[in-house]
Amino acid sequence: MKIEIKNYNGIADCKSQLLTSREAYNFSTILKSGTIYLFIGEINSGNWGLVSAIGGLGRKPISKKRDIDGKIFLDDIEIEAKDLEKITCFAGEKSTNKTIEQQLKLHLSKNNEFKYDDLQKTFDLSQSRIDRKFDYIGYEKWFASLAIGVASNKKIFCYPYITEDIKPLTIIKKHLDFLVKSDKLILIPANDKMIKYFDEKEIEYEKIFYTEKLKELMLEEQKKWGFID
């Protein structure tokens with residue numbers, strides 16, 4: 001799978017359990033499945049907003065509609081942002097009020113590529129928590145969301161902004177290796193300190209958004225919409 005974005009611009013409201021940010025983005029790039037992309041930058045620099053927008057959550061600043069300016073291509077066919085949202089899993093985000101076990105078995109009944117026991121083991125889902133609803137499984141909600149995303153055949157896996165404080169509970173090499181081998185596209189917004197962490201863990205990745213020129217362009221985009229001074 002290949003995603004190409006051309007002059008992709010707008011804003012995105014980003015949120016996780018620990019952080020929130022409204023960020024503008026204006027970017028062009030090509031992304032390929034089976035790859036981990038690190039979008040390097042500080043919070044409010046636009047990298048988290050861009051990742052959210054690639055997952056289909058971007059919108060125009062002057063409209064409540066969830067559409068964007070620019071063009072998006074999926075395997076060389078032009079699509080809309082809402083088409084990306086349908087194939088995206090947002091790590092740490094819940095989808096329904098069913099238990100984790102119920103969600104996995106429901107999706108796997110329609111997708112027999114994976115087995116329930118294999119996903120439970122791969123994503124370290126404890127037997128004592130898997131029969132609980134998403135809000136009651138603590139840090140395992142990160143793992144559960146990824147497993148549910150795989151079971152429901154999502155193609156894009158978007159992480160929220162990762163800091164040093166939460167990386168031990170979110171960035172698990174075994175999970176990322178599985179997603180890469182399953183030919184998923186993994187997008188992770190993070191600061192430059194995470195580069196060393198990925199190198200130490202021997203996690204292969206591509207860097208996006210890390211040149212000084214790109215940083216300057218995106219900072220100007222934040223100033224344009226009044227998100228930073």
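The report below starts with the overall build and then looks at helix α8.

## Overall build

Please keep in mind that this is a predicted model. The protein chain is built from 9 helices and 9 strands. Its C-alpha trace extends over about 50 × 35 × 30 Å along the principal axes. For 229 residues, a compact globule would have a radius of gyration near 17 Å, and the value of 17 Å for the protein chain agrees with that.

How much of the chain is buried? Of its 229 residues, 50% count as buried. Looking at contacts between residues at least 6 apart in sequence, 71% link residues at least 24 apart.

## Surface and charge

The protein chain exposes about 11700 Å², and 47% of that area comes from carbon and sulfur atoms.

## A closer look at helix α8

Helix α8 covers residues 193-200, and its buried residues are M194, I195, Y197 and F198. Viewed down the axis of α8, these buried residues fall within an arc of 165 degrees, so they line one face of the helix.

Which exposed residues sit on the face of α8 turned away from its buried side? They are K193, K196 and E200. Just after α8 comes E202, which adopts a positive phi of about 55 degrees.

How values were computed:
Residues are numbered from 1 along each chain as its sequence is written. This is a predicted model: local features need pLDDT of at least 70, side-chain atom pairs count only at pLDDT 80 or more; totals for chains, interfaces and linings use all residues. Side-chain values use heavy atoms; hydrogens and water are left out. Helices (H or I, at least four residues) and strands (E, at least two) are DSSP runs, numbered from the N terminus. The radius of gyration is taken over C-alpha atoms; the globule rule is 2.2 Å times the number of residues to the power 0.38. Buried means under 20% relative accessible area, exposed over 50%, partly exposed in between (1.4 Å probe, protein chains only). Contact means heavy atoms within 4.5 Å. Accessible areas come from the Shrake-Rupley method with a 1.4 Å probe; for residues, only the protein chains shown count as cover. The arc is that of the directions from the helix axis to the C-beta atoms.
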